[in-house]
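Hello,

Here is the structure I promised to pass on to you. Have a look at it first, and then read on for what turned up in it.

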Amino acid sequence: MPVLIEKEYVRSRLAGFRWAPTEMGLPLYVHPPGSDPVEAAVLVLFVNGNNGRSLLLTKRTEHLPNHAGQISFPGGKAEQRDLSREMTALRETFEEVGIPQDKVEVLGRLPDYDIPSGYRVTPI
């Protein structure tokens, strides 16, 4: 039976979230001095469906030059027109899976995470 997660619970957990990648088994990466990371955002999207809530993941197509075939949250590189990382995540989600921005309620964001491919990812 699916477990339902209330949005107030998610908001409260985000407020006190301490991002400790190394404690979670993730490598800590720091961009080399003088290099600017590429800003990006992903949407950690809980979908209300007939069988309860689920988490939306995408599989990137095999022909892409970057991250081909990887399982990921919808999202991508920030563009100049994006006024915030929330806007980046919502725009990219619409482009990738067709979910309109007005159908998404943003509950918060997690701390940025720098990855070795040169991106600084903001989970929304």
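A nonpolar core here means a set of buried Ala, Val, Leu, Ile, Met, Phe, Trp, Tyr and Cys residues joined through side-chain atoms within 4.5 Å, and a residue is buried when its relative accessible area is under 20%. By that rule, the largest nonpolar core has seven residues: Ala41, Leu43, Leu45, Ala89, Leu90, Val104 and Ile124. Please keep in mind that this is a predicted model.

Leaving aside neighbours within four places in sequence, Ile124 touches Ala41, Val42, Leu43, Val44, Arg85, Glu86, Ala89, Val106, Gly108 and Arg109.

Now for the overall picture. The protein chain has two helices and eight strands, and their order along the sequence is α-β-β-β-β-β-β-α-β-β. Of its 124 residues, 28% are buried. The chain exposes about 8600 Å², with carbon and sulfur atoms supplying 57% of that area. If you take the contacts between residues at least 6 apart in sequence, 54% of them join residues at least 24 apart.

Arg11 and Leu107 are 96 residues apart in sequence, yet their C-alpha atoms are 5.8 Å apart in space. Beyond its neighbours within four places in sequence, Arg11 is in contact with Glu105, Val106 and Leu107. Arg11 counts as partly exposed because its relative accessibility is 34%.

Next, the sheet. Four strands make an open sheet with mixed pairing, in the order E6-E1-E8-E7. Strand E6 (75-77) and strand E7 (113-114) are the edge strands, each pairing on one side only. E7 and strand E8 (residues 119-123) run antiparallel and are joined by two bridges; Tyr113 has Val121 in E8 as its bridge partner.

Then there are the charged residues. Side chains of opposite charge can pair when their charged atoms come close. How many salt bridges does a search of the whole structure find? The count is eleven. In one of them, Arg120 pairs with Glu39, with the closest N and O atoms 3.9 Å apart. Arg120 belongs to strand E8 and Glu39 to strand E1 (residues 38-42), so this pair ties together parts that are 81 residues apart in sequence. Both ends are partly exposed: Arg120 has a relative accessible area of 24%, and Glu39 has 26%.

Arg91 and Glu95 both lie in helix H2 (residues 85-97), four residues apart, which is about one turn of the helix. Arg91 and Glu92 are both buried; for Arg91 the relative accessibility is 7%. Glu95, by contrast, is partly exposed at 47%.

Finally, the surface. Phe46, Leu55, Leu57 and Ile71 form a nonpolar patch there, and together they have about 380 Å² of accessible area. Phe46 lies in strand E2 (residues 46-49) and counts as partly exposed, because its relative accessibility is 38%.

Enjoy exploring it!

Best wishes

Conventions: Residues are numbered from 1 along each chain as its sequence is written. This is a predicted model: local features need pLDDT of at least 70, side-chain atom pairs count only at pLDDT 80 or more; totals for chains, interfaces and linings use all residues. Side-chain values use heavy atoms; hydrogens and water are left out. Patches are made of residues with over 30% relative accessible area and no salt bridge: like charges are joined within 9 Å, nonpolar side chains (Val, Leu, Ile, Met, Phe, Trp, Tyr) within 5 Å. Accessible areas come from the Shrake-Rupley method with a 1.4 Å probe; for residues, only the protein chains shown count as cover. A salt bridge is a side-chain nitrogen of Lys or Arg within 4 Å of a carboxyl oxygen of Asp or Glu. Buried means under 20% relative accessible area, exposed over 50%, partly exposed in between (1.4 Å probe, protein chains only). Contact means heavy atoms within 4.5 Å. Two strands pair if DSSP finds at least two bridges between them.
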